[in-house]
Amino acid sequence: YGNVLRSTGDLTKARIVYQRAITIHELNFKEGQQARQLEICTTGVGDLTAEIEEMESPSMPNILCSTMPCSKKSSTTDLSVFGLAQKQLTADDIESKGTPLIVFTDIGRDVDDEMALVLLSSLKRKRLLNPIAVITTLSPQRDRAYLARGSLDTMGMADTPVGIGGRGGVADGVELEVYKANHMRPSTSIYGSGMKLVCEALESVPRKSAQLLCLASLSDVASFIEEHQDLFTSKVKEVVIMGGVMPMETGDSLTPDTAYNNNCDMPSAQFVYRKCLELGVPTVTLSRWAAYGCPIRPQLLDELAKTKHSVATNIRTMSKYSIDQLWNKVVLPSNHPRREKLPSRCDVKWFYKTFCGTEDTPTELNESIWTQVEKLNMYDPLAVLICDPSYRALHFNCKAKTVRGVRHIVVGTSEIDTGIRDPLSLYKEYSRLFVEALQASLHEPEMPLGSEKEPDMLLEETTKIMSTRSRAA
C-alpha cells in the first residue's frame with residue numbers, strides 16, 4: 001500500500017503507512033527476524049522524508065499544505081485531512097467481509113476489553129465481523145487510544161481506525177487508571193475526534209447494516225444519538241451493550257440496572273435505552289449473569305502466553321494487576337471515593353463468591369488476592385461473540401421483549417438464568433478462538449513448542465468451577 005501511495009505522489013500518506021509497518025513489525029518480531037522487511041520499510045521512511053523535505057524547501061512550491069496540517073505537536077490528528085476517510089461499503093462487501101461493527105471501549109481498565117479485541121480479530125479473519133472503528137472512552141481516553149491502536153496493530157487489524165471519545169462520565173480533572181503495555185504508544189494514525197470517526201464510518205455503510213458494540217460507559221453513544229439521530233436510525237441495525245437491565249416482565253421500557261458500565265454515566269445509559277425504544281433500533285443486552293455463567297480459570301492466560309505474543313503475555317501480567325486493583329476497591333467502605341463507580345453490592349463477600357468460588361470470607365484481608373482467585377469472567381469477549389448471529393443462536397438463550405413491533409434481547413436475567421446454553425461448549429469455543437487469533441497474527445499454524453495442552457485448554461479444571469452452582473449475586 002505504501003508503494004502504491006508513493007507511486008501516485010502521495011508521499012505524506014505513504015510515509016505514515018511505512019511508519020505503521022515498522023511499528024507493527026517491532027511489536028510482532030524479535031530483533032533479526034524478517035530483517036529484510038524491516039530494512040525495506042526503514043529505507044522507505046528515510047527516502048520519503050528526504051523527498052518531502054526537498055519539496056518543502058523554499059525553492060520548491062509548498063504543495064503539501066493541502067494534505068498535511070502545519071502543527072505536528074499532537075501525536076493524534078484528523079485523518080480525514082490525509083484522505084484516509086472510510087471506503088464506501090456495498091452489500092457485497094458486507095457479504096464478503098462481515099457485519100460492519102463500531103466498538104466503544106474503555107480498554108486498559110481491565111483485561112477483558114483487550115481480550116475482546118483478540119477475539120474480534122479471529123471473527124474478522126472468519127469474515128463474520130468487520131470492525132470499521134474503535135472508539136476509546138473513559139478518562140484518560142487518549143492513553144486508552146494508544147493502547148487500542150497498539151493492540152489492534154499487533155493482532156493484525158492495522159486497517160481498523162481508532163478515535164478518541166469522551167470522558168465516559170468521569171468528572172473533569174479526574175483520570176482513572178490505564179494499565180501499561182509494550183505495544184501501547186502514541187500514533188499519528190489516531191482520530192482526534194471519535195465522534196467524527198463514528199460519523200464517517202457509518203456514512204460509509206449501507207442502510208441498516210452496522211452494529212454498535214458498547215463495552216464501556218454509554219456516554220459517547222448517547223452523545224452520538226443526540227447529535228446525529230438521523231444517521232443513527234438510518235445506518236444502525238442493532239446496539240449490543242455489555243451491561244444489564246432491570247427485570248423486564250412488565251411495561252414497555254428497558255431500564256438499565258447498576259452494572260458498572262451503566263453506573264459510569266447512568267443518565268446516558270437511560271437515554272440510550274429510551275431512544276432505542278423510541279426510534280425502533282433493536283438492542284441486545286449481555287448481563288453480568290451471562291459472564292458468571294461461563295468463567296475461565298486464570299491458568300488459561302498462562303496457556304495463551306505460551307504463544308509469546310506480546311498482547312497475550314501482557315494480558316496475563318495485567319490480569320493479576322487488575323484483580324488486585326479491584327480487590328483494593330472492594331475492601332473500602334461503599335461510600336469511599338476511591339471506589340469510583342463500583343456499585344455498593346460489590347463488597348468482599350461478592351468478590352469471594354465471584355472470583356474465589358466460595359462465600360467464606362477470611363477474617364484478615366490481604367493486600368493481594370491473586371493467589372486465591374479461582375475463576376475470571378469474560379464479560380466483553382462474550383459481548384463480541386454475541387454480535388454474530390450464528391454464535392448467538394448456538395451458545396446463548398435470549399429473552400426477548402417486543403416494544404412498538406421491535407424485538408429487544410437480554411441474555412442473562414438472573415443467577416439461575418445465565419443465558420448460557422452449554423458453558424463447557426462455549427468455553428471451548430472462545431478458548432479456541434483466542435488461540436487462533438494469536439497464532440494467526442504471529443503466522444504460526446500450530447500451538448508453540450512447550451505448550452502442554454490443546455486449544456480446549458484446561459477443560460477439566462474449568463469443569464470443576466462450572467459444576468459449582470454458587471455464582472455471584
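In what order do the strands of the open sheet of nine strands stand? The order is β4-β3-β2-β1-β5-β6-β7-β9-β8, with mixed pairing. The model is predicted, with local features needing pLDDT of at least 70 and side-chain atom pairs pLDDT 80 or more, while totals for chains, interfaces and linings use all residues. Residues are numbered from 1 along each chain as its sequence is written, and side-chain values use heavy atoms, leaving out hydrogens and water.

View 1. Strands (E, at least two residues) and helices (H or I, at least four) are DSSP runs numbered from the N terminus; two strands pair if DSSP finds at least two bridges between them.

**View 2. Strands β2 and β3 with helices α5 and α6.** β2 (residues 129-136) pairs with β3 (residues 162-164) in the parallel sense over three bridges. Valine 134 is opposite valine 162 of β3. Helix α5 (residues 111-125) lies across β1 (99-105) and β2, at about 155° to β2. Helix α6 (residues 141-154) lies across β2, β3 and β4, at about 175° to β3. Contact means heavy atoms within 4.5 Å; axes are lines fitted to C-alpha atoms, for helices over the stretch in contact, and angles run from 0 to 180 degrees between N-to-C directions.

**View 3. The largest cavity, about 740 Å³ in volume.** A cavity is a set of points on a 1 Å grid over the protein atoms alone where a 1.4 Å probe fits but cannot get out; lining residues have an atom within 4 Å of a point. Grid points are joined across faces, edges and corners, and a volume is the space filled by probe spheres set on the points. Of the 34 lining residues, Asp110, Asp112, Tyr260, Leu326 and Tyr379 lie nearest the centre. Helix α14 gives the largest share, six residues. The lining has 16 nonpolar, six polar and 12 charged residues (Ala, Val, Leu, Ile, Met, Phe, Trp, Tyr, Cys and Pro count as nonpolar, Asp, Glu, Lys and Arg as charged, the others, Gly among them, as polar).

**View 4. The second largest cavity, about 60 Å³ in volume.** Its lining includes Met115, Val118, Phe434 and Leu438. α5, α13 (299-305), α14 and α18 (423-442) each supply at least two lining residues. The lining residues comprise nine nonpolar, no polar and no charged.

How values were computed. 1 Å grid on protein atoms, 1.4 Å probe; cavity = no way out; pocket = protein on both sides within 12 Å on 5 of 7 lines; lining within 4 Å.
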